[in-house]
Amino acid sequence: MQKLFLAIALVAVNLTIQAQTGIEAIMKRVYEEEIKTYKGKEKQAYGHLRAQQPDGSWKDINYKDSSMTVWSATKHMERLLSLAGAYAEARSALKESTNIYKGLINGLQFWLNENPLSKNWWHNQIDMPQKTGELLIMMRYADQKLPADLEQQLIERMKRGNPDAMTGANKTDIAMHFFYRALLTGNKELLTHSLEQLFMPVALVDGKEGLQYDFSYLQHGPQLYISGYGEEFIKGVLKISTYVAGTPYAMNKEKLALFSEFYRNTYLKTIRNNYIDFSVHGRGVSRPDILLKKGEINRMKNLVLQDVGNSLYWGNTIRDWTNNKAENPPYHQHFWKGDYTLHIRPAYNFNVRIASSRTKRTEAGNKENLYGKFLPDGATNIQVEGPEYYNIMPLWEWDKIPGTTSKDYAEDQPLTEFWGVAGNNRFAGGISDKLYGVTAYQLQYNGVKANKAWFFFDDQVVCLGSGLQADGNENLVTTVNQTWLKGTVSVNSKNQAIQTSVTKEYPGGTMVYHNQVAYYFPEATKIGISNKTQSGSWYRINNAHPARVISGDIFKMWIDHGAAPGNASYAYVVMPGVKPGKDPAPPTFIKILENNNHQQAVFHAGLNIYQAVLYEAGNIVLGDISIKTDHPCLLQLKAESNGVWQLSVADPLQSAENLNLLIGKNDGSKPKLLKVQMPDGPYKGSTKQVSFKW
Ligand code: CA
């Protein structure tokens, strides 16, 4: 009996030791990760030390500043991190420098006494406590540690914010410094609590901010933020899950699977050759360099260690990205919660951003994205090489965002509603069979109405608009593209003169070519083509950035619908990934079957795919097939082998429980009645697939 008791006691002691080692081991990982930033940066640290004043402050920092975005006092903490990094790094030349140590102590004491605060809670409750935690952990591994009372005061100062009260990335960000504090104090309960909060956002939510059932990411209300806040979410979760991997505190398998799915199949797919879609960054679209994503390989390398179930995928992906040879395999997905479509082919990406009354339009806020008024009105991100829109934003004409239909004002219109407003239209959606699909958007904004639809195939995307109406004196325009000018612009193989902007009526069958993308206009269309220098500044679109005027050459093409049209329409076919040389053949195998106020439909004879948008219940004729529906819907009919047809349908109003389709063929075969039970709950709006034979 006594022996048994002793054995149990020993086990208990062992577990305690293990748990303690767990915390120690985790903290060591944090140290090793954080210290990387400061390797070989002694010169920088020494420079900061030399510029430091005897009281530990820096002359060039305004400690009374309380700015929202670029807050002056951040520099103080960054310089202290630089000193701490140089002092705590094992191979640093300043490892034993008493001057560096003194400077650090003075700087920390000054920070405690001065207690600088920003008007933006993010600095106070997220960034500063996080940086303080990182600094304190680094110093735990220095030759001479910080005086215990100073460390204790700084740990106290970290107690800001409450992760339990926050959602999404903000929750993760606050929980991160709770996690650091738990490590520093060896507090297991706090560690468990912080990890619970850190990993809580790794769950599907409906009607809330965060990771959605369609694997889009929404924040600031139901607003598309696959990057921006979505990237913060990835960063935070990945960082912490890497620290605790293999310990009793590791992220569980279910959460790991969700996280991996979002990162692999949503986030990474919005990136082409290191450049991300301009539509997934919310108001961040107005920040310099934001579209270039250089650090993904490091993230992948951290995830592969945990996500062993996908190690083959990660092995290949890391290899391809390292060699700048990402393959971009064919993929199509519509995000019915996020109002966004991904369409990827090895030769190009063509993604669409739409809006609805269920989501919020792209926001302005904190003096950022001041002209992004029309960003969600059917923006098309067309990438072949990747950097087509990289840093173009200060030069953009903001009522000609690629893909959108909007009034063409003489001066760009500022976005005066902040933090995002809901769309006005209910009708917005898409179908996807993972390879092909249709997206439709009933635009209703700023006195403009339009039925906009995109039909996605392998080498072509058909863009249709119908029922276009607008009030006001401005011309209504649908912008085909506005991208960096690269090489020549040709119309029907004839080069446009440089530095020109011409609007005129072109006959049906016109083919325009620019930078590996061909644009085909099947009908006579009034088109504006501009290949001129445009100017602007980052400050104009985002007040946190320089007012210096910059300029560059831009290719811009739009369809001119005239002023206050009553019922205009448009049709164009985009063929991205066409090598320069000869214009591609007109896509005569694509038939536009309908493009009126009630329905739009396209047939691709090469693929044997019919696609249709029905804005109202009723009949639609697709070649020798006729379909009667009892509800507005999007549908795709694809002929499979052996006389089997695959029907894909989606409900863009997200309201139908069932959809009844009577499908007839004019060859005398009996019409087929398909009663389709539509997806429910958080899957309302997603695609339902049914196979049938006549
Ligand atoms: Ca304009």
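Two strands are taken to pair if DSSP finds at least two bridges between them. I keep this definition at hand for the entries below, which concern a predicted model.

**Entry 1. Strand β25 and its neighbours**

I began with strand β25, residues 609–614, and looked up its partners. β25 and strand β28, residues 633–639, pair in the antiparallel sense over six bridges. In this pairing Ala612 stands opposite Leu635 of β28. I then turned to strand β24, residues 599–604, which is joined to β25 by six bridges and runs antiparallel to it. There I noted that Phe603 has Tyr610 of β25 as its bridge partner.

I next examined the hairpin that β24 and β25 form. It has four residues between the strands, and Asn608 takes a positive phi near 55° in it.

Is β25 mostly covered or exposed? I found that six of its six residues are buried. I recalled that side chains in a regular strand alternate between the two faces of the sheet. I therefore checked the faces of β25 separately, with buried meaning under 20% relative accessible area. On one side Ile609, Gln611 and Val613 are buried, and on the other Tyr610, Ala612 and Leu614 are buried, so that both faces are covered.

**Entry 2. The sheet β5-β6-β7-β8**

Four strands form an open sheet in the order β5-β6-β7-β8, with antiparallel pairing. β5, residues 331–335, and β8 stand at the edges with a single partner strand each, so one side of each has no neighbour in the sheet. From one strand to the next, the twist averages 5°.

Within this sheet I followed the pair β7 and β8. Five bridges join these antiparallel strands, and Val352 stands opposite Thr380 in β8. I also inspected the loop between β7 (348–353) and β8 (379–383), where Asn366 is found. Asn366 has a positive phi of about 50°, although it is not a glycine.

**Entry 3. Lys434**

I looked up another residue with a positive phi. Lys434 is placed in the loop between β10 (428–432) and β11 (437–445). Its phi is near 80°, a positive value in a residue other than glycine. Is Lys434 buried or partly exposed? Its relative accessibility is 43%, so I recorded Lys434 as partly exposed.

I then checked the accessibility of two of the residues. Glu397 has a relative accessible area of 15% and therefore counts as buried. Asp399 has a relative accessible area of 1%, so Asp399 is buried as well.

**Entry 4. Helices α11 and α12**

Helix α11, residues 296–304, packs against helix α12, residues 311–322, at an angle of about 160°, and their axes are 10 Å apart. How are the two directed relative to each other? Angles over 145 degrees count as roughly antiparallel, and α11 and α12 are therefore roughly antiparallel to each other. I noted that α11 passes α12 in a left-handed crossing.

Finally I looked up the residues that meet. The α11 side contributes Glu296, Ile297, Met300, Lys301, Leu303 and Val304. The α12 side contributes Ser311, Trp314, Thr317, Ile318, Trp321 and Thr322.

Note on methods. Residues are numbered from 1 along each chain as its sequence is written. This is a predicted model: local features need pLDDT of at least 70, side-chain atom pairs count only at pLDDT 80 or more; totals for chains, interfaces and linings use all residues. Side-chain values use heavy atoms; hydrogens and water are left out. Buried means under 20% relative accessible area, exposed over 50%, partly exposed in between (1.4 Å probe, protein chains only). Axes are lines fitted to C-alpha atoms, for helices over the stretch in contact, and angles run from 0 to 180 degrees between N-to-C directions. Angles under 35 degrees count as roughly parallel, over 145 as roughly antiparallel, 65 to 115 as roughly perpendicular and the rest as oblique. A crossing is left-handed if the near helix is turned anticlockwise from the far one by less than a right angle, and right-handed if clockwise. Contact means heavy atoms within 4.5 Å.
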